[in-house]
Amino acid sequence: MKYVFIIIFIVLWVYHPWFDFTKTLSGGDWPYLYRENIQEFSLFPQAPFLWLEPYYNLTAKLGAFLSLPWEITEKVFWFIPFIIISSIGSWLFVYSLLVHVKEISYRKIFAGLGSLIYVSNTYIL
């Protein structure tokens, strides 16, 4: 159990700028959305963008409806779920690959280490 806390601490340390709700993470390929821009979004996606547009538009409109600034909306609906899903998903993936390891505690440790490497590497960041 102590390894779980160590992994969570390292992941939170790596992603600590993501938890500053006064600053935006927008830049490069990730846009900053102004309220005027969000108002122009349609709730019905266009065919070429079905893979992203429904969630993108819905979360932007939900954040605007809740009167959340984009700095909070992008983190609550995009970045924090990303950390959670990628941590759990990579842990489950590595854990399932280690079926040949009979000692459950070693499996959990190696799965945690694999998840940590995946979630905190520079490619995913």
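Figure 1. Val4 is partly exposed, because its relative accessibility is 41%, a value that lies between the limits of 20% for buried and 50% for exposed residues. The structure shown is a predicted model. Val4 belongs to helix H1, which covers residues 2-14.

Figure 2. Ser115 is part of helix H5, formed by residues 104-120. Its relative accessibility is 5%, so Ser115 counts as buried, the cut-off for that class being under 20%. Leaving aside residues up to four places away in sequence, Ser115 touches Ser87, Ser90 and Trp91. With one of these residues, Ser87, there is a polar approach: the side chain of Ser115 reaches the backbone oxygen of Ser87 at 3.0 Å.

**Figure 3. Ser67 in the loop between helices H3 and H4.** The loop that holds Ser67 lies between helix H3 (53-65) and helix H4 (70-97). Ser67 is exposed, because its relative accessible area is 54% and the class begins over 50%. The backbone of Ser67 has a phi near 60°, a positive value in a residue that is not glycine. Most residues other than glycine have a negative phi.

**Figure 4. The helices and the overall form of the protein.** The protein contains five helices and zero strands. Read from the N terminus, the order of elements is α-α-α-α-α. The radius of gyration is 18 Å, well over the 14 Å given by the globule rule for 125 residues, so the protein is more spread out than a compact globule. Along the principal axes, the C-alpha atoms fill a box of roughly 55 × 35 × 25 Å.

**Figure 5. Burial, contacts and surface of the protein.** Of the 125 residues, 30% count as buried. Among contacts between residues at least 6 apart in sequence, 58% join residues at least 24 apart. The accessible surface comes to about 8,800 Å², and carbon and sulfur atoms account for 72% of that area.

Conventions: Residues are numbered from 1 along each chain as its sequence is written. This is a predicted model: local features need pLDDT of at least 70, side-chain atom pairs count only at pLDDT 80 or more; totals for chains, interfaces and linings use all residues. Side-chain values use heavy atoms; hydrogens and water are left out. Helices (H or I, at least four residues) and strands (E, at least two) are DSSP runs, numbered from the N terminus. The radius of gyration is taken over C-alpha atoms; the globule rule is 2.2 Å times the number of residues to the power 0.38. Buried means under 20% relative accessible area, exposed over 50%, partly exposed in between (1.4 Å probe, protein chains only). Contact means heavy atoms within 4.5 Å. Accessible areas come from the Shrake-Rupley method with a 1.4 Å probe; for residues, only the protein chains shown count as cover. A polar contact is a pair of N or O atoms within 3.5 Å; within protein, one must be able to donate a hydrogen and the other to accept it, and residues adjacent in sequence count only if both atoms are side-chain atoms.
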